[in-house]
Amino acid sequence: TYDRERYLPMIEERGFILEYGGHLMPGLVPRALFEEHPEYFRMNEEGERVADYNFCPSSDALALMQRNARALFEKAPEIRYWHVWADDLMGGGWCFCPQCKGMSPEDQNALATNALAETLAEVNPDAALALLAYHDTGRAPTIAPAPNVFLLHAPRERCYRHAFDDPDCRRNREEYLPDWRALRDAFVAVSPDALLMMRRGRGC
């Protein structure tokens, strides 16, 4: 938090664009609700509901997330770019319930992000929300991003010595460049402005 009365006039005078966030999505479905609503939380591969990582996006947890996100967005209408990311882990943190198991981690992430984007559009039509693509959500989802969603591509394991399309770097060229191109195409298909947003992404 910051002293908005003091700093907002300075921010506006200087024409700053504000962004805020991080791995906030799990906190929008508090794990303290697990005993009362285990169905809100992900099912692991053994068929058990667990309150360890991301919630179940096929449950009413999605509506709860939206309600809590609305309160968050309303508190800071000056934020132009929001980051409300899922849990930070390499993989295995999404849901395997009967409704979710047919969805990839990328699609579960996109489903949750689009739900947040819908709420953000109602609260602040001028703001946009990041879809974080990295680790097990690093490929293009089959669910189209909402118009107010921009891409934050973070292929952390890529080779940073070479450019993505460097012909001398097999790792980037074969393991990461195809994913980047598919992500780019998915966002450009929704909005031509997506290219401007994607330049904010990491590692591209």
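Author: The protein chain exposes about 11000 Å² (Shrake-Rupley method, 1.4 Å probe), of which carbon and sulfur atoms supply 49%. This is a predicted model, in which local features need pLDDT of at least 70 and side-chain atom pairs count only at pLDDT 80 or more, while totals for chains, interfaces and linings use all residues. Residues are numbered from 1 along each chain as its sequence is written, and side-chain values use heavy atoms, without hydrogens and water.

Reader: In what order do the elements of the protein chain run from the N terminus on?

Author: Helices (H or I, at least four residues) and strands (E, at least two) are taken as DSSP runs. The protein chain has 5 helices and 4 strands. From the N terminus on, their order is α-β-α-β-α-β-β-α-α.

Reader: What percentage of the 204 residues in the protein chain is buried?

Author: Buried means under 20% relative accessible area, with a 1.4 Å probe and protein chains only. Among the 204 residues of the protein chain, the buried share is 47%.

Reader: How many disulfides does a search of the whole structure find?

Author: A disulfide is counted when a pair of cysteine sulfur atoms lies within 2.5 Å. The search of the whole structure gives a total of 0.

Reader: Which cysteine sulfur is nearest to that of Cys159, and how far away is it?

Author: Cys159 is buried at a relative accessible area of 16%, and Cys169 is also buried, at 5%. Cys159 is in no disulfide. Its nearest cysteine sulfur is that of Cys169, at 3.9 Å.

Notes: Buried < 20%, exposed > 50% of the residue type's maximum accessible area, 1.4 Å probe, protein only.
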